[in-house]
Amino acid sequence: RLCSLEPCLLHVAPNTSNFTRSVDGYDLLIDDDLKPWLVEVNASPSLSASTQSDRIMKQSLIRDVYRIVCPQDSWADWKGAVHS
């Protein structure tokens, strides 16, 4: 997995409450030597799905982003948060 989110952002600027988060799309090519090459970065990648495997991959992406941005161990700090 390629992780580009900055989960430590609150440690860098703990007194800032207005953070904007985004999901960026990275297009990579892997050559014969298994070396990755960055082709482009999409600031607003499409999250619509055209196939079953595409839907599974994008649902996993959304779940993983949510877990990074809102880790379950931080839920106790949220007043009125609903979670399982």
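**Notebook: strands, a patch and a helix**

I began with the nonpolar surface patch, and found that strand 1 gives the most to it, with three residues. The model I am reading is a predicted one.

*Entry on the patch.* I looked up which residues make the patch. They are Tyr26, Leu28, Ile30, Leu34, Leu38 and Val41, and together they cover about 580 Å². I then checked which strands take part. Strand 1, residues 25-30, and strand 2 each supply at least two residues of the patch.

Valine 41 sits in strand 2. Its relative accessibility is 43%, so I note valine 41 as partly exposed, since that class lies between the 20% and 50% cut-offs.

*Entry on the strands.* Next I asked how many bridges join strand 1 to strand 2. I found six, and the two strands run antiparallel. They form a hairpin, with five residues between them. In the turn, leucine 34 has a positive phi of about 65 degrees. Leucine 34 is also one of the residues I had listed for the nonpolar patch.

Is serine 44 buried or exposed? I read a relative accessibility of 69% for serine 44, so I count it as exposed, the cut-off being over 50%. I also looked up its distance to glycine 25. Serine 44 and glycine 25 are 19 residues apart in sequence, and their C-alpha atoms are 7.1 Å apart in space.

*Entry on helix 2.* I took two residues here. Aspartate 54 lies in helix 2. Its relative accessibility is 15%, so I put aspartate 54 down as buried, as the limit for that class is under 20%. Leaving out residues up to four places away in sequence, I found that aspartate 54 touches Ser48 and Ala49.

The second residue was glutamine 59, also in helix 2. With a relative accessible area of 44%, glutamine 59 is partly exposed. I looked up how far glutamine 59 is from serine 48, which is 11 residues away along the chain. Their C-alpha atoms are separated by 9.9 Å.

Conventions. Residues numbered from 1 in each chain as written. Predicted model: local features only at pLDDT ≥ 70, side-chain atom pairs only at ≥ 80, totals over all residues. Heavy atoms only, no water. Buried < 20%, exposed > 50% of the residue type's maximum accessible area, 1.4 Å probe, protein only. Helix = DSSP H or I, 4+ residues; strand = E, 2+ residues; numbered from the N terminus. Patch = residues over 30% accessible without salt bridge, like charges linked within 9 Å, V, L, I, M, F, W, Y side chains within 5 Å. Areas by Shrake-Rupley, 256 points an atom, 1.4 Å probe, with all protein chains shown as cover. Salt bridge = Lys/Arg side-chain N within 4 Å of Asp/Glu carboxyl O. Contact = heavy atoms within 4.5 Å. Pairing = 2+ DSSP bridges.
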